[in-house]
Amino acid sequence: MAMPRPTVAQLVYGTCTVVLSTLVLLLLSRTGSAVGITFVAVAALALGVLVAMAPPLARPRSAAARRPAPLRSVHTAVPAPVRASVREPVREPVRERAAS
């Protein structure tokens, strides 16, 4: 079973999460040691991967989308008759020209 690939939006959300969470964690922890910075970077990366790989939330579908399409057989499908929608021309009284 193949793992589904993340969408562009998921990749963007994950990247933004990594960058912003790294900045916030570094500012809040005020660490200057290499071990502290490494821990913050790994934690931010794990959080970004978690956000990027999270399944997208399902939106409620409209009633039209929930209704299944009618089943039609290829062999029994009869096209509906087409009716012309052209109206009859309106007859106007003939106007005579004055002789000059």
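**Confidence and helix packing**

In this predicted model, confidence is highest in helix α2, at a mean of 88, and lowest in helix α3 (residues 63-66), at a mean of 60. The protein has an average pLDDT of 77, and 71% of the residues score at least 70. Where pLDDT is low, the predicted coordinates should not be read in detail.

**Arrangement of α1 and α2**

- Helix α1 spans residues 8-29 and helix α2 spans residues 34-53; their axes come within 8 Å and cross at roughly 150°.
- Angles over 145 degrees count as roughly antiparallel, and α1 and α2 are therefore roughly antiparallel to each other.
- The crossing of α1 past α2 is right-handed.

**Residues in the contact**

- On the α1 side, the contact is made by Q10, Y13, G14, T17, V18, S21, T22, L25, L26 and S29.
- On the α2 side, the contributing residues are I37, V40, A43, A44, L45, L47, G48, V51 and A52.
- Sorted by class, this contact of α1 with α2 comprises 12 nonpolar and seven polar residues, with no charged residues.

- T22 lies in helix α1 and is one of the residues through which α1 contacts α2.
- The side chain of T22 reaches the backbone oxygen of V18 at a distance of 2.6 Å.
- Leaving aside residues up to four places away in sequence, T22 touches T17, V40 and A44.
- Of these, V40 and A44 are among the α2 residues that make the contact with α1.

Key: Residues are numbered from 1 along each chain as its sequence is written. This is a predicted model: local features need pLDDT of at least 70, side-chain atom pairs count only at pLDDT 80 or more; totals for chains, interfaces and linings use all residues. Side-chain values use heavy atoms; hydrogens and water are left out. Axes are lines fitted to C-alpha atoms, for helices over the stretch in contact, and angles run from 0 to 180 degrees between N-to-C directions. Helices (H or I, at least four residues) and strands (E, at least two) are DSSP runs, numbered from the N terminus. Angles under 35 degrees count as roughly parallel, over 145 as roughly antiparallel, 65 to 115 as roughly perpendicular and the rest as oblique. A crossing is left-handed if the near helix is turned anticlockwise from the far one by less than a right angle, and right-handed if clockwise. Contact means heavy atoms within 4.5 Å. Ala, Val, Leu, Ile, Met, Phe, Trp, Tyr, Cys and Pro count as nonpolar, Asp, Glu, Lys and Arg as charged, and the others, Gly among them, as polar. A polar contact is a pair of N or O atoms within 3.5 Å; within protein, one must be able to donate a hydrogen and the other to accept it, and residues adjacent in sequence count only if both atoms are side-chain atoms. pLDDT is the predictor's confidence in each residue, from 0 to 100.
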